[in-house]
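Biologist: Hi! Could you walk me through this one?
Modeller: Happy to, here it is.

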Amino acid sequence: PTTPAPAQVASPTPTTPAPAQVASPTPTTPAPAPVTTPAPVQVTSPTPTTAAPVLVTSFDTEMELDDVTKFDTDKFKEAMAAASSVSADKIEIGKVEYKTKVQYSMPTSVDRVAAQKAIAKACNVSESQVEVAIESRRLSEFRRLATTIAATITAQAASTVSSIATKAADAAGLKQAFQEGGLTVELTVAKQPKNAVVVSTMLTGEAGAPAPEVPPASTIQSQVSAKVGIEVVATTSNVSTGPQNTTAAPTTTKLSEKSVDDAKGQTPSTLLACAMATLVALFLDAA
């Protein structure tokens, strides 16, 4: 028997797969982000308002009384409120001074400066506290010269007034003061010293109303008598009226809520631009 030869099996030829073609991505340039311009800050200008004018009345009240130490400023304010149509909280008491008025007579003439110096020395006060008015005339029947010296001595403290009045009434002491100034005079006290207190008062009216009126002197006298408890002879002077002196409050500019929200989240450069726009708007608004 014959053994057949083994069949020849062809080995498969190895094949290398072709590399897959990978498409390269096409480069794309991103579109620029849109630039937004921030809305300008809206400035709300305050609405101008015209306030009704407030008028005030200022005046001096001179009250002649025996003892100026009994004068009470607070009670005088109450008396002024009762005498006027103005409440006490709208009454302002200013300067308070005390005056002593006296009058002298002499048969010779004298100049104002010499009289001022002598009276100041006799009353032991400074020359700036003394005011004098001199009147000289000839007596027709005898053709003699008559000189009258009216002096007003001002003090700031009530406690000094009594001493000043006592010295002002001393004719011999005044004659000595003239002699020390190089003048020999004969004089008499023509009118005895009288003391007074002078109070500067300001009455403030209501907005839009006329200026308050100064109360009559007779009403002031009666109210001072009732409130302060002293008898006075009152006169008023130096009356003036005008608007109340006020200091205007600083103006502030308020931004709307929308403007504040718009400003949030902005870059510093954007905020700076907004701030500059705000300043320009304020400048134009003020102009």
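Modeller: Let's start with contacts, meaning heavy atoms within 4.5 Å. Of the contacts in the chain between residues at least 6 apart in sequence, 77% join residues at least 24 apart.

Biologist: Thanks! Before we go on, what should I know about the model itself?
Modeller: This is a predicted model, where local features need pLDDT of at least 70, side-chain atom pairs count only at pLDDT 80 or more, and totals for chains, interfaces and linings use all residues. Numbering starts from 1 along each chain as its sequence is written, and side-chain values use heavy atoms, with hydrogens and water left out.

Biologist: How many helices and strands does the chain have?
Modeller: There are seven helices and eight strands, taken as DSSP runs numbered from the N terminus (helices H or I, at least four residues; strands E, at least two).

Biologist: And what percentage of the residues is buried?
Modeller: Buried residues are 29% of the 287 in the chain; buried means under 20% relative accessible area with a 1.4 Å probe, protein chains only.

Biologist: Switching to pockets: what volume does the largest one have?
Modeller: About 240 Å³, as the space filled by probe spheres set on grid points joined across faces, edges and corners. A pocket here is an open set of points on a 1 Å grid over the protein atoms alone, where a 1.4 Å probe fits, with protein on both sides within 12 Å along at least five of seven lines; lining residues have an atom within 4 Å of a point.

Biologist: Which residues lie nearest its centre?
Modeller: Glu64, Lys101, Val102, Gln192 and Lys194, out of 13 lining residues. Strand E6 (188-204) is one of the strands that supply at least two of the lining residues, and E6 has the largest share, five.

Biologist: What about the second largest pocket?
Modeller: Its volume is about 190 Å³. The lining includes Glu64 and Lys194, along with Asp66, Asp67 and Lys70, and E6 again gives the most, three residues.

Key:
Buried means under 20% relative accessible area, exposed over 50%, partly exposed in between (1.4 Å probe, protein chains only).
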